[in-house]
Number of protein chains: 2
Amino acid sequence: MPVSTEWLLHCAATLAQLDAGSTASAAQLARYYDLPAPYLAKQLQALVKAGVLVATTGPTGGFRLAQPASEITLLRIVEAVGGTSPPYVCREIRQQGQGALPADECQNMCVLAEKMTEAHEAWRRSLAGVSLADIVASLPPTAPARTRSRLTSTISAAPSRPSPSAP
Amino acid sequence: MPVSTEWLLHCAATLAQLDAGSTASAAQLARYYDLPAPYLAKQLQALVKAGVLVATTGPTGGFRLAQPASEITLLRIVEAVGGTSPPYVCREIRQQGQGALPADECQNMCVLAEKMTEAHEAWRRSLAGVSLADIVASLPPTAPARTRSRLTSTISAAPSRPSPSAP
């Protein structure tokens with residue numbers, strides 16, 4: 001699973017705390033979590049492509065959720081970032097070598113692949129059962145207002161460095 | 001997930017079809033599935049280390065299940081091959097950047113990491129609910145005898161190549 005999965009889950013949960021119609025830019029989100037802005041911007045576009053976020057342009061442009069937070073599941077975000085390919089790939093080794101089964105016994109999926117698929121579906125169901133609204137509801141009541149305030153603040157929380165041109 | 005996960009699931013299911021006390025060598029299993037014997041042998045050792053298989057030495061030595069097939073789950077095999085690390089790693093980005101939460105708000109696991117952990121546990125539970133005995137029970141009744149016969153056969157199923165020294 002890509003390291004950016006954590007980034008995008010957090011960014012989406014942050015956008016779910018904005019007032020309706022508000023947006024946050026990639027630069028704001030990168031500063032908020034101290035992440036590399038260009039790479040984060042690219043990943044945010046993957047969420048736009050997946051229909052999770054909308055990107056707007058112009059002076060107040062940025063990203064916002066494409067749907068109500070209650071309709072965006074963690075599964076959609078995780079699969080938008082990491083792809084939808086299941087981790088187990090059946091290469092049909094049951095049909096090769098000295099033990100190769102005849103083709104007519106291999107019309108159904110291999111039972112091992114079937115069980116691996118069932119496990120992957122259990123994982124998907126678990127993540128499909130949690131929405132961004134559920135995540136926000138689990139935060140302390142004061143969290144969203146603080147999130148909005150810090151996200152739009154232009155003052156960095158990082159210790160200021162002396163300017164190279166300072167006397 | 002390593003490509004060898006499929007190999008080892010199949011090899012373990014094959015060993016589950018042997019008569020009690022019988023073994024199969026890495027070479028036999030490699031020939032049975034047309035797999036690279038040295039790499040397969042190394043992976044079989046990982047299953048020995050995990051307590052799934054026992055390796056015996058001597059003229060009739062080889063691998064056999066370390067426990068009854070009903071007590072060996074697919075989860076144990078998959079984790080013996082691929083490791084037990086969950087795919088999602090929380091790097092606590094909630095504690096960094098302009099939005100960094102104070103440490104006293106981070107004593108519990110991040111809710112996003114918690115939901116990702118729950119999904120991984122759902123995947124694990126699914127695989128822990130299937131034993132090698134379940135897999136063998138799903139095969140046609142004639143399959144185990146055929147498996148044993150082909151596994152111990154020294155005649156390769158591959159088309160024979162002409163010997164380079166043939167006249």
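**Note on the chain A and chain B interface**

1. The model is predicted: local features need pLDDT of at least 70, side-chain atom pairs count only at pLDDT 80 or more, and totals for chains, interfaces and linings use all residues. Residues are numbered from 1 along each chain as its sequence is written, chains are lettered from A and ligands numbered from 1 in the order in which they are written, and side-chain values use heavy atoms, with hydrogens and water left out.

2. On the extent of the contact (heavy atoms within 4.5 Å): chain A contributes 52 residues and chain B 53 residues. Of the interface residues of chain A, 100% are also interface residues in chain B, so the copies meet through the same surface.

3. Interface size is often quoted as the accessible area lost when the parts come together. Here the area buried between chain A and chain B is about 4500 Å², with 63% given by carbon and sulfur atoms (accessible area, 1.4 Å probe, lost on putting the two parts together and summed over both).

4. On specific pairs: 24 residue pairs, both residues at pLDDT 80 or more, are in polar contact across the interface of chain A and chain B (N or O atoms within 3.5 Å, one able to donate a hydrogen and the other to accept it; residues adjacent in sequence count only if both atoms are side-chain atoms). Helices H1 (4-15), H2 (26-33), H4 (74-82), H5 (111-128) and H7 (143-152) of chain A each supply at least two residues of the side that touches chain B (DSSP runs of H or I, at least four residues, numbered from the N terminus). H5(A) gives the most to that side, with 11 residues. By class, the side of chain A that touches chain B has 30 nonpolar, 11 polar and 11 charged residues.

5. On salt bridges (a side-chain nitrogen of Lys or Arg within 4 Å of a carboxyl oxygen of Asp or Glu): the rule finds 2 across the interface of chain A and chain B. B:Glu105 forms a salt bridge with A:Arg146, with the closest N and O atoms 2.7 Å apart.

Methods: Nonpolar A, V, L, I, M, F, W, Y, C, P; charged D, E, K, R; others polar.
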